[in-house]
Amino acid sequence: MEATWQHLERLRTRVGLELPPELLAWWALMDGVDDQAGNRSVELLPKGYLPLSVARAEEEYARQSRYPDPDCCTPEGTHLKQAGATGFPYCTAVIPIGRAIDGGLLCVDLRQGEHHGRVMEWYASEGIYDSDWASVTEILDEIAERLDDRGTS
């Protein structure tokens, strides 16, 4: 767990924005899976996403944030768009939390605004856009409901 918190502190420093408490709680309980191990036959999150560890989230963030959205991300580290807004190619205020087999990312939007903490989807060809979930909590609730349904079937 110590390594997870070291990665988390590096990620916080790199991003320069506060992470939602629900995301911190999720990573404290479950630090993702190895999405590079080749075992992608298991769908752990809805829509085929595998949860990223903090270390992998940091790697993905570093890789994608090299291509900031010129209509949103300023050189000073501020953002012109509010949380929940679409952007291309990548907004440096979104943190990857999941990866799909086709390369898409599930991200948490840390920009200011009413939708701060909203879960967004990202694809290289489409940029960042709205997902089906308002928060990490909604994803976890959906997973719990699916597990409950399996237990009663």
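1. Glu58 is a buried residue, with a relative accessible area of 8%; buried means under 20% relative accessible area, exposed means over 50%, and partly exposed lies in between (1.4 Å probe, protein chains only). Glu58 is placed in helix α3. Helices (H or I, at least four residues) and strands (E, at least two) are DSSP runs, numbered from the N terminus. The side chain of Glu58 has a polar contact of 3.1 Å with the side chain of His7, and another of 3.1 Å with the side chain of Arg10. A polar contact is a pair of N or O atoms within 3.5 Å; within protein, one must be able to donate a hydrogen and the other to accept it, and residues adjacent in sequence count only if both atoms are side-chain atoms. Leaving aside residues up to four places away in sequence, Glu58 touches His7, Arg10, Leu11 and Arg14, where contact means heavy atoms within 4.5 Å.

2. The model is predicted: local features need pLDDT of at least 70, side-chain atom pairs count only at pLDDT 80 or more, and totals for chains, interfaces and linings use all residues. Residues are numbered from 1 along each chain as its sequence is written, and side-chain values use heavy atoms, with hydrogens and water left out.

3. The overall fold comes next. The protein contains 4 helices and 5 strands, arranged along the sequence in the pattern α-α-β-α-β-β-β-β-α. Of its 153 residues, 44% count as buried. Among contacts in the protein with a separation of 6 or more, 51% are between residues 24 or more positions apart. The protein exposes about 8,000 Å², and carbon and sulfur atoms supply 52% of this area; accessible areas come from the Shrake-Rupley method with a 1.4 Å probe, and for residues only the protein chains shown count as cover.

4. Which residues touch the most other members of the largest nonpolar core? They are Leu11, Trp27, Ile95, Ile97, Leu106 and Ile139, in a core of 36 residues. The elements giving two or more residues to this core are α1 (2-15), α2 (21-29), α3 (54-64), β2 (94-100), β3 (105-109), β4 (119-123) and α4 (136-152). A nonpolar core is a set of buried Ala, Val, Leu, Ile, Met, Phe, Trp, Tyr and Cys residues joined through side-chain atoms within 4.5 Å. In soluble globular proteins, nonpolar side chains tend to be buried together.

5. Not counting residues up to four places away in sequence, Ile97 touches Leu23, Trp26, Trp27, Leu50, Pro51, Leu52, Leu106, Cys107, Val108, Val136 and Ile139.

6. Strand β2 is mostly covered, as 7 of its 7 residues are buried. Strand β1 (residues 49-51) is joined to β2 by 3 bridges, and the two run antiparallel; Leu50 has Arg99 as its bridge partner in β2. Strands β2 and β3 also run antiparallel, with 5 bridges between them, and Arg99 stands opposite Leu105 in β3. Two strands pair if DSSP finds at least two bridges between them. The hairpin formed by β2 and β3 has 4 residues between the strands, and Gly103 in the turn has a positive phi of about 95°.

7. The whole structure holds 9 salt bridges, a salt bridge being a side-chain nitrogen of Lys or Arg within 4 Å of a carboxyl oxygen of Asp or Glu. Side chains of opposite charge can pair when their charged atoms come close. In one of these salt bridges, the closest N and O atoms of Glu9 and Arg12 are 2.9 Å apart. Both residues lie in helix α1, 3 residues apart, about one turn of the helix. Glu9 is partly exposed at 39% relative accessibility, and Arg12 is partly exposed at 21%.

8. Glu60 is buried with a relative accessible area of 2%, and Arg99 is buried at 9% relative accessibility. A network of salt bridges links Arg56, Glu59, Glu60, Arg63 and Arg99.
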